[in-house]
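Subject: Structure handover

Hello,

Here is the structure I said I would pass on. My notes on it follow below.

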Amino acid sequence: MINQVSDGDVNALIDEYESLYRFTDVAAPGGEKRQNVLDAARIELGLKRFLEAEGCQAFTTNFQTLHGMTQLPGLAVQRLMGQGYGFAGEGDWKTAALLRIFKVLAGDRPGGTSFVEDYTYHFSPGNDLVLGSHMLEVCPSIAIEEKQLIDVLFLGIGDKADPARMIFSTPAGHAINASVIDMGDRFRLLVNVVDAIEQPKPLPKLPVARALWCAQPSLATASEAWILGGGAHHTVFSQALDPDDMYLYGEMNDIEALVIDEHTRLPAFKDALRWNQAYYRLKR
């Protein structure tokens, strides 16, 4: 499908990019990496046509399988997530499906929803932080900037051309970070309530879109509870949904829902895991 996209379609999409985004010098018209932006637009059109033809609402990619692509689809995936498609990287179909579900649940509510992972941590007494991001693919629905920045930078994974991507940060406010786990006899929806904060200073050497947050009740407790609950590496971050939405969704679909929030204490959380295990085993 990518190779069947016409130059006219690509040019029309580039015109849309020009109206919506800012560009670095290398990505702007006449820039040395402008062709990479054109290639990203072609990939977006090809991916969307494939998804529409197959009736798919969510998808995943793998940087080891990029047949027919000149670059890893970063900008294309970001824009498709912004249009409501579910996505997760590296073949993670469960998180891709969860993102699509969250997009539908959020509807027209304020706040965005995106695929992320715990990209790195800031350890400081009384101010432990998590930086949520991914190599390229973070949804612009969570961006604080009115016009996101498009850049083309080196990526050492995938053995392809340098990919185009949007770079932005996230507004402050309450959010959730969720993972879905296959427990064998059921699915578990594990949720951490977090407080997103505005980026305190520029991060010029981190050329990816990102969210910065404080985990409730603390990073130490949230991390241990997350591991005990079997939380995954990839997550869905949302400023549009809250724990009540998670409990309701779990009840509607017979999914175990566990929430880590300001009230979480590890002994009680361990008890909840034991009780839930007994409940679902007896129910089965």
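Please keep in mind that this is a predicted model. I begin with the loop that joins β10 (210–215) to α5 (219–228), where proline 217 is located. The peptide bond leading from glutamine 216 into proline 217 is cis, and its omega is near -5 degrees. For context, most peptide bonds are trans, and most residues other than glycine have a negative phi.

Glutamate 90 is not a glycine, yet its phi is positive, at about 60 degrees. Glutamate 90 belongs to the loop between β3 (86–89) and α4 (93–106). Its relative accessibility is 35%, so glutamate 90 is classed as partly exposed. Aspartate 254, also not a glycine, has a positive phi of about 55 degrees. The loop in question for aspartate 254 runs between α6 (243–253) and β12 (256–260). With a relative accessible area of 42%, aspartate 254 is partly exposed.

The axis of α5 comes within 11 Å of the axis of α7 (residues 266–283), and the two cross at roughly 15 degrees. Angles under 35 degrees count as roughly parallel, and α5 and α7 are therefore roughly parallel to each other. The crossing of α5 past α7 is right-handed. On the α5 side, the residues that meet α7 are Thr221, Glu224, Ala225 and Leu228. Their counterparts in α7 are Leu266, Phe269, Lys270 and Leu273.

On the cysteines: a search of the whole structure for disulfides returns zero. Cysteine 139 is in no disulfide, and the nearest cysteine sulfur to its own, which belongs to cysteine 56, is 18 Å away. A pair would have to lie within 2.5 Å to count as a disulfide. Cysteine 139 is buried, at a relative accessible area of 0%. Cysteine 214, by contrast, has a relative accessible area of 23% and is partly exposed; the limit for buried is under 20%.

Last, the nonpolar packing. The largest nonpolar core holds 44 residues, and the members that touch the most others in it are Tyr17, Phe23, Val37, Ile150 and Phe237. There is also a second, separate core of 37 residues, with Ala76, Val77, Phe102 and Leu189 among them.

Regards

Terms used:
Residues numbered from 1 in each chain as written. Predicted model: local features only at pLDDT ≥ 70, side-chain atom pairs only at ≥ 80, totals over all residues. Heavy atoms only, no water. Buried < 20%, exposed > 50% of the residue type's maximum accessible area, 1.4 Å probe, protein only. Core = buried A, V, L, I, M, F, W, Y, C linked by side-chain atoms within 4.5 Å. Helix = DSSP H or I, 4+ residues; strand = E, 2+ residues; numbered from the N terminus. Axes fitted to C-alpha atoms, helices over the stretch in contact; angles between N-to-C directions. Parallel < 35°, antiparallel > 145°, perpendicular 65-115°, else oblique. Left-handed = near helix turned anticlockwise from the far one by under 90°. Contact = heavy atoms within 4.5 Å.
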